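Biologist: I have a model open and would like to learn how to read it. Could you take me through it feature by feature?

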Amino acid sequence: MSLQVSELRVYYRTLKGEVRALDGMTFELGDGEILGLVGESGCGKSTLGKSLIRMDGRMRHVAGTVVLDGQELPIGDDRAMNDFRFREVSLIPQYAMSALNPTRKLRRMITELLKSRGSAVDTAELERRMDQVGLSRDMLDRYPIELSGGMKQRMVMVISTLLDPSLLIADEVTSALDVSTQKAVARALLGFRESRYVKSMIFVTHDIALTHHIADTIMVMYAGRLAEKAPADVIVKAPRHPYTKLLLDSLPEVGVRYADRRLEGIPGSPPSLLDPPAGCRFRARCPIAGDECAQDPPVAELAPDHHVACWKA
Amino acid sequence: MLRLDDVTKEFKIGAFGGKSVTAVRKVSFEVVPGEVVSLIGESGSGKSTIGRMILGLNPVTRGSITFDGRPVRAGKEYYRHIQGIFQDPFSSFNPVFKADRVYNMIKEAYYPAVPEAEWAERVEAALSDVRLNPGQVLGKYPHQLSGGQLQRLLIARALLLDIKLLVADEITSMLDASTRIDVLNLLAELKARGLGVLYITHDLSLGTYLAERTVVLRRGSVVEMGLTGRVFGDPLHPYTRELLSAVPRLNQAWDDATAVDSCVYHECGASGALIEAEPGHFVACARLDTCP
Amino acid sequence: MRRYFSRKLLIYGLTFFVAVTVNWLIPRFMPGDPVAGMVARANVAQPEAVEAMRAYYNDLFGFDQPLWQQYLNFWGAMFRGDFGISIWLFPTPVSTVINGAVPYTLGLIIPSVLLSWVVGNRFGAYAARRKLLDNTVLPVGYVLTAMPYMWLAVLLAWALGVITGLFPVAGGYSFSMRPNWSWTFVLDLLHHWTLPFLSLFLVALGGWAIGMRNMIIYELESDYSNYLSALGAPARLIRRYAFRNAVLPQITGLALQLGVLVAGALVTEIVFAYPGLGSLILKAIQNQDFFLLQGTFLFIVLGVLIANFIIDIVYVVVDPRTRAGMAGAQA
Amino acid sequence: MTTLQETEPREQEGVRREALHFAVRNGKLMAGFGIVVVLLVLGLAGPLLVSGTPNEYGTRPISPPSAEHWLGTTTFGQDIFLQFVHGLRATFLVGVIGGGIAAVIGMLVGFVAGYRGGAVDEVLNMLTNVILVIPTLAVLLIINAYLGIRSVAVQGLFIGLTQWPWAARAIRAQTFSLRTREFVDLARMSGSGTWRIISREIAPNMSSYLFMTFILLFGGAILIASSLDFIGLGPTEGVSLGLMLQNANQWSALQLGMWWWFVPPGAGITAIVGALYVANVGLDEVFNPKLRET
Amino acid sequence: TGGGSTPNPPASQAQGQSGAASADPNQLPRNETLYTTGTQWGPPLNYNPIREWDSAVGTKGLVYETLFHYDTNAAKLVPWLAASGSWTDDTTYELKLRQGVKWSDGQPFTAKDVVYTFELGKMETIPYHNLWNWLEKVEATDDQTVTFTFSKANYQEWDYMLYNRSIVPEHVWKDRSEKEVLDGTNDNPVATGAYSFMSKDQDRVVLQRRDDWWGKTALNMEPKPRYIVDIATPSNEVAMGMLLQKGLDRSNNFLPGVANLVQGNFGLTTYYKEPPYMLSANTAWLVPNTTKKPMDDPAFRKALASSIDVKKIVESVYGNLVKASSPTGLLPQWDTFVDQNVVSASGFTFDTGKAKKLLADAGYKDGDGDGFVENKDGSKISLTLIVPSGWTDWMESARSIATSAKAAGIQVTADFPDFNALVEKRTEGDFDLLINNERQLSNSPYTYYEYMFQLPVRKQQNTVNFARYENEKAWDLVQQLDQVRTDDTAGMQKIISQLQQIHFDDMPIIPLWYNGLWAQHSTSTWKNWPAAEGGAPKTGAVMWRNWFELGGFETLTQLQPAGS
Ligand SMILES: Nc1ncnc2c1ncn2[C@@H]1O[C@H](COP(=O)(O)OP(=O)(O)OP(=O)(O)O)[C@@H](O)[C@H]1O
Ligand SMILES: Nc1ncnc2c1ncn2[C@@H]1O[C@H](COP(=O)(O)OP(=O)(O)OP(=O)(O)O)[C@@H](O)[C@H]1O
Ligand SMILES: [Mg+2]
Ligand SMILES: [Mg+2]
């Protein structure tokens, strides 16, 4: 078991009170596993990603533990976390386009970064990895501005995994890319796992189709909580949670035409995380909600590796 | 209704305009009332630029754009008939004002004579057209509204004017799947009422959902266009094929076979001129037959 | 690149032309007659002699010619390297007067601008996001920049000059000295330079420190800083990067500052009786010395333009973003 | 970016309320404005409360601060406190006029250059550069010296006319980045003209920035005015802190041990300008969430 | 440019006399150097004695010399380059030159030099060109004798000439053109004086004593400072600071508040230990423009004169550093010429009540009740008093005058244009009131009355009679005064008495106060400065232009090192 998150609660401090962005998440991630994380906008996907590597000033670790490779991550302690960052946990941020210091050539930046973490650059290895993602070597002698968005994205991928972290968090790394670049990036991620540059990976996105292509397991979140987690195919083919079902139903496919089949969205909107209502958070929008839904649904393992948090599932 | 003839756009770039890039090259197509034309292509292929030129926000370098036979003349009159919705709903609202100010601007400019009460009714009607609850969205600042709400507010805004053409530029790029489909459905309804829509996107699945016709753009040039069913059902240009193959589909692995590595398509057909491969289906590949 | 430079040069040339023309015009539109002032100073009792002198000097300075002719003469002479003869310091050529003053002014401005820039930026960067320092360096910085130059200068002169006798309060070098290349003389020069320098330095220092502090805070919050800290890079590295990026706008500020500093130097030079351009300008104005004014202005305009030009180039070199053509987007 | 934008839809607070919330909790802003307000009130109310004309000679020259003369008297027996409160008025006036005019010109030029771009931008840019390159203090000196500008208001006017270039540059850059925002295009599609867009779309978006520009120009105008006063080119009517400083210096106050004459005007200027700068940083922190101390 | 080209100091000088003297020619020994300031306000420009107004300090008096000096205490000429001079008849003046005087290049000084110098005045632009209106010819009778033949003998003016004209060497100057004479910088001056120029720079000029100066033996005088450094300080405050730092031995600036320092323990002295601290050097007048209404009315001018509270100015503005002037305005040194009868009968004093009465009597009434009188025709009177901007003491004085005039019902506002603008207004007659003091102490009140009454009034008045007061009779009297022999005190008194009467009757200008002979000395390096008490020298206390001849040079010879 590579990653074990249990009962994780992370809140944002705001003027109006605490936003319960993660409100009791429990899940596990195995060695070599790629976990696709999907869910409606604002449900806490990025928060989870950030919690695992670096919380910003507004975030507060309220409860819960994160254990990586048998070691507990001190996620609430910025300093102590430093030892784990990059070596154990690493990140490809959503803002990869602007994540590189604009006034340093890449080679120099990488050298300095690694040196500051006490390692030296293995140029050959670096170049091999760049080859793997389809970047030519002379990119190293360029400034970030001279790279296209996709190139920057891939460069950041290479950099983030240079120390072979055991967990990589990729937060919406493809949403700003067009389909062909998207494909290339996704492939590269898979390649990284293949080459054991990273052991396991959390892939955050709202493109379920794409997740399906690269993830082994898909975890669906809803309003700060886990809704369903299962192997990718299971989620796509046999979802149990009503939210997952509705989400999948609203996906158009190439070739699907309005004239032929009218798709429908999910009516309503998710609850405020400031002061979320008790019970199942999807209740208000759920077509099959019943009285028992006023109680918090437990996460049940309906089938091996298939966890669902729903009374009706 | 809307006609583009050999439209070319060059941007000066570099600190002092030393260089120039051609963002759009000799693009011609047409949008008729009640029709949705989807404009598809990778990032930077010039889709938004075409949209902005049609809206009169960027001047055309060469070629012509006409609307109902008259050239584009940005101004009050023009926008009475054509409106656009931009890529980024968050930056489409002035963050320091309440979101419904966009309606007041329309009223001030186009319907100064309409009494307040009547106007309020019209606004509410437009909002319910886009399935928004007026009470939920009026009187709020943009940051208090979700992307989908904002996007629909903009559509409602366009509806207030009795427009003939809507330029919808990636209006669903930041929405999750369920919200996205609501917006698409709305467009479809509008189309049924006779509205012409230029639907710009790089997500093919969304393009096909609505559009009668599709224009595939690559590096500023049209590489293929025709009826949506034909273009996606029987893509002729290797680039279209590659695009299609890159689309992630549920239940279906990426299909590498269609990627035509052997054909360096961007270099073939020096002229880049469109060939009518079948009636209404144009493609810019000179060696259609030699490519697999 | 070529295009860039030629365009820049053209713009700078045009700016130069307009600025110099304006500078030529301004004194001439002022009421009062420089020759009359000159003659009045001569305090000659006999009216006939006064008339003769007046006619003589009007002819000498060309004031009897039409204005456009004077203007053409001015450009003509300038390209011949002739800046005319000072009225106030008649008959010293303007170039001689300026040459005598320029080393002092440059000696004052260049070190104070550069040092305050360097030191101020370091201070500011160091203080940013460190609560304790931020609460000490910052207020001191504000007080420093908010101080009128002359107030600080006079206080310094009084405290370090008159009261403690540590530094001389007037002159460019000891009145007991003759310029020569000995260590004693150089030390003496430095001794006299210290107070004026300090007053300029301190005021500018505060401004830079504050500017840098604000700038670097933005940089420390930027995406690349976040990315680096997410990868566990030490604060030192992040600060170093932030500093480098925050310093770029400060470079532009440096160019903007130059013109202003000439004015600051003017006041300082007056307080310390320092024989630089500032004192000259004031005297030239008081004596309606068109030629000297033109000369000093020309010098300042050239200086500021050249500095700006250099900074433009430096900027392109140090900031890769400008090369990629996004120049318009940043301040 | 994304998180922020998505957080707030669920909050019921507006930016303004939020800014106010942070404003009253921002020590810098409060302290800065506090000092300025105290001095302003002193300048406004002082002359009404303390009777007498500031330049009138008193009977007890050269007396140190005392109960009767709070800040002592000058060589001529003028009451320094009285001069100080009157001087504050003039100083604020110069700041408002000079800073105001410079801000207006700077905004006009900056907005138009930034919004219009192209040739208009180039021309305005050149104008800015020319003004920037002309040794303004020297030109001010000349204008002041020969046109016989002798009132605080006119002094302010001239300062305003020459101090705007940097503001124009800064505003131009800001406008540049705002004009590509899509709400500007949306306004155009709503039939708004250039001026309307600048004044109703762009300017409100940078209101805090504009306010800061004004503060800096205000402080700058005061400093320049005091320099002018000091060189003897200030207004000849009335009192200002700069004139007091000049007088104190010319009559060798410090050398003669009359620190109470020399120190207050300079300290007054420093306090006003310094406090404004401090408030400026405070403002920055209030309006820019990134700078808020957590 | 100056430093390198001046002759090197004689070899003897390098050894110095006191052990402390440094052998470094680039560094002047403090105890042998006199540091002064207060004479020039800008860089030293030239060593041209013809340019008396902007030549480097000491060009006349230390380097070039005149035929006579003038002793202000004894009121007589003191032979200098001349051994003696006398009128041989009414229009002929014969001058005997001193034997053994040499130019600094070793050439003997002869009558030809004197002739050449005076003949230079034939050039139109030479400041003393006017002399030739009444001088017929100058001849060198022999090497030692010069004879001047006049068409009209202006005795008073002639004496003034005698101690004011620097004599230049003919053998060096004879080929110079008019331009060179007037505008030349005269870089390597060949002169007869006790000092030579060592160097100059933007803010200073350095002089070095000539040990072979003729006066050492002939006059038995030796100026004590081996070096004199005159510093061009840009402002009084700087001078004050340097004085306090003991970097200056002598400041001839107006230093407000210096009284405090003199009384304190700062090692500073002035001529008097108590007010007014300084001797008087010139008179400050209020000059009305008599061509304008209502200043064209003597009655109005008299009322104005009575309205001014000079005592208040003296006390408040100057802190008693100056003295209120007598109603005549004649400097105290000219007391003998004041006719007390005229003064007591017609003089004026400050009396607001009287001023009001004078106004009322003359028909100036406050018809509209605004507190200010109007013109006789009912139009408003609003006068502007101008003084140069930045002249702080005058600005304060002007304000004070305005206040006291207002008390009498005359509306006066003070205005402070730039100096040049003021000069232009003054020259063109485009002003109401101004303050002026451009006549210094001289050998004769003639210069004073010439200033007051000179005719004709021209379109542009450059140096005198700014009031544009026209009185043929007065000008006639002034010219008569000029032709009274300088030893005929009674004759002078008679004419001057008449002039005073006219002055009081018509008040063309209003005397206010005497400006001081500003001189503050530090005793840290040099002592025995001029002072009123005991055995201290009574000679001239300043190094202003023309004052070396009025005793300023003699003062240098009486200095003593502080240590002795
Ligand atoms: N104002 C501009 N100045 C210079 N170049 C521009 C400008 N606007 C667009 N471009 C360039 O024109 C090309 C086309 O841009 P456009 O925004 O139309 O692409 P797009 O197809 O809409 O891409 P995306 O899918 O990312 O929105 C790009 O290469 C872009 O860099
Ligand atoms: N800095 C913050 N302060 C307060 N609340 C925040 C902050 N950042 C995020 N939130 C709130 O936390 C919740 C989860 O945010 P998060 O960014 O994790 O969502 P997400 O699932 O990543 O959404 P998206 O798909 O749009 O990236 C949201 O409701 C958001 O409003
Ligand atoms: Mg997210
Ligand atoms: Mg686009």
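Biologist: How do the residues of the shell around ligand 1 divide into nonpolar, polar and charged?

Modeller: The classes come first: Ala, Val, Leu, Ile, Met, Phe, Trp, Tyr, Cys and Pro count as nonpolar, Asp, Glu, Lys and Arg as charged, and the others, Gly among them, as polar. Here the shell around ligand 1 holds three nonpolar, eight polar and three charged residues. Keep in mind that this is a predicted model, where local features need pLDDT of at least 70 and side-chain atom pairs count only at pLDDT 80 or more, while totals for chains, interfaces and linings use all residues. Residues are numbered from 1 along each chain as its sequence is written, chains are lettered from A and ligands numbered from 1 in the order in which they are written, and side-chain values use heavy atoms, with hydrogens and water left out.

Biologist: Which residues are the closest to ligand 1?

Modeller: A residue is near a molecule if one of its heavy atoms lies within 4 Å of it. By that rule 14 residues surround ligand 1, and the closest are B:Ser43, B:Gly44, B:Ser48, B:Thr49 and B:Gln87.

Biologist: Which elements give two or more residues to that shell?

Modeller: Elements are DSSP runs numbered from the N terminus: helices are H or I with at least four residues, strands are E with at least two. In chain B, β1 (2-13) and α1 (47-54) each give two or more residues to the shell around ligand 1. The largest share, three residues, comes from α1(B).

Biologist: What does an oxygen atom of ligand 1 lie 2.4 Å from?

Modeller: For a polar contact, look for a pair of N or O atoms within 3.5 Å; within protein, one must be able to donate a hydrogen and the other to accept it, and residues adjacent in sequence count only if both atoms are side-chain atoms. The 2.4 Å case is an oxygen atom of ligand 1 and an N or O atom in the side chain of B:Thr49. A ligand oxygen is also 2.9 Å from a polar backbone atom of B:Lys47, and one is 3.2 Å from an N or O atom in the side chain of B:Glu170.

Biologist: Where are the cis peptide bonds and positive phi values worth a look?

Modeller: Most residues other than glycine have a negative phi, and most peptide bonds are trans. In chain E, a cis bond joins E:Pro275 and E:Pro276, with omega about 5°; E:Pro276 sits in the loop between β12 (268-269) and β13 (280-288). Another cis bond joins E:Lys293 and E:Pro294, with omega about -5°. As for phi, A:Glu172 has a positive value near 45°.
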